[in-house]
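Open the model in your viewer and keep the selection tool at hand. We will go from stop to stop.

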Amino acid sequence: SPAPLAPIGLAGLGVTMQFHPDGPAGAVARAGQGVVLVSAVVIGVRWWRGPWPTFGQSVAFVVWADLACAVVAITMATPAARLLVTPYVGLIGIFAGFILGTQVLRVHCAFGALLIAGIVAGAVVLDGQRVFDLYLYFMPALTWAVGVPLIGSILIELGRRASLRNARSAQYDSLTRLRNRRGMYSAVASALGQRGTTTVAVVVCDIDRFKKLNDDGGHATGEAALGALADVFGGIAPDDESTARIGGAELST
């Protein structure tokens with residue numbers, strides 16, 4: 001996960017900026033970055049050595065990381081230096097999109113966009129900078145802080161859906177939309193793997209004279225019969241039961 005790299009990288013940035021001409025100016029700015037530096041080291045070590053955080057702890061980490069990046073950015077001495085800090089927000093965005101989902105990522109990206117917009121607005125109003133002069137700084141910042149995480153989350157979601165479709169197609173019959181033989185074995189194995197005593201009952205149903213039905217009416221008629229019977233089984237089977245087509249004309253539940 002890129003998450004442990006973010007606080008460690010932020011801590012390294014904080015140390016370097018203490019000695020850089022565009023670093024924090026004044027005791028308050030240095031103190032703010034010092035707090036971020038110390039907390040970044042603590043959180044980075046926790047990520048590397050501790051157990052994987054819960055969902056709530058991961059959300060709290062994203063909130064801390066966004067605020068820490070904002071503190072380091074706004075305490076830099078020049079607008080260009082402030083904008084150059086914001087790509088670190090993108091590293092957090094990759095974590096948010098991959099682990100926490102699109103909703104958290106959208107809030108995170110909105111914060112990153114507002115942070116960059118606020119820095120640019122402050123540079124124009126307070127420092128007399130022109131927006132065009134800052135273009136080479138804020139456009140890459142927007143790309144890395146907002147664009148890359150959003151595009152990455154889209155690709156992750158597309159890959160996740162494709163994997164689910166492939167996994168489903170491997171265990172389900174395309175004609176009846178019931179489980180196939182592999183899917184039935186998987187469902188039985190899952191039931192037997194549960195803790196405690198488990199009773200598994202299997203009922204097998206075969207369509208009489210199915211070959212004659214196919215010969216007289218054609219394969220379309222046979223497929224329609226299988227589909228109709230599958231609909232009946234699907235309608236009467238409870239949610240905790242599995243229904244499958246395990247052979248040419250056999251259905252089991």
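Here is a short tour, one selection at a time.

**Before you start.** This is a predicted model, where local features need pLDDT of at least 70, side-chain atom pairs count only at pLDDT 80 or more, and totals for chains, interfaces and linings use all residues. Residues are numbered from 1 along each chain as its sequence is written, and side-chain values use heavy atoms, with hydrogens and water left out.

**Stop 1: colour by confidence.** pLDDT is the predictor's confidence in each residue, from 0 to 100. The protein's mean is 81, and 93% of its residues reach 70 or more. Now select residues 102–126. This is helix α6, which has the highest mean pLDDT among the elements, 91. Strand β3 (residues 250–252) has the lowest, 51. Helices (H or I, at least four residues) and strands (E, at least two) are DSSP runs, numbered from the N terminus.

**Stop 2: select Y135 and F138.** Both sit in helix α7 (residues 135–171), 3 residues apart, about one turn of the helix. How far apart are the ring centres of Y135 and F138? They are 5.7 Å apart, and the planes are at 80°, so the pair is edge-to-face. Rings of Phe, Tyr and Trp (its six-membered ring) pair if their centres lie within 6.5 Å; planes under 30 degrees apart are stacked, over 60 edge-to-face, and the rest tilted. Y135 is partly exposed, at 42% relative accessible area. F138 is buried, at 12%. Buried means under 20% relative accessible area, exposed over 50%, and partly exposed in between (1.4 Å probe, protein chains only).

**Stop 3: select F61, W64 and F95.** Ring pairs link these residues into a cluster. The structure holds 3 aromatic pairs.

**Stop 4: select T86.** Look in the loop between α4 (79–85) and α5 (88–100). Is T86 buried or exposed? T86 is buried, at 1% relative accessibility. Its side chain reaches the backbone oxygen of L83 at 2.6 Å. Now show what surrounds T86. Leaving aside neighbours within four places in sequence, T86 is in contact (heavy atoms within 4.5 Å) with A73, L115, I116, I119, A141 and A145.

**Stop 5: select helix α10, residues 219–236.** Look along the helix. G222, L226, G227, A230 and F233 are buried. They cover an arc of only 135° around the axis, so they lie on the same side of α10. The arc is that of the directions from the helix axis to the C-beta atoms. On the other side, A220, G235 and I236 are exposed.

Notes. A polar contact is a pair of N or O atoms within 3.5 Å; within protein, one must be able to donate a hydrogen and the other to accept it, and residues adjacent in sequence count only if both atoms are side-chain atoms.
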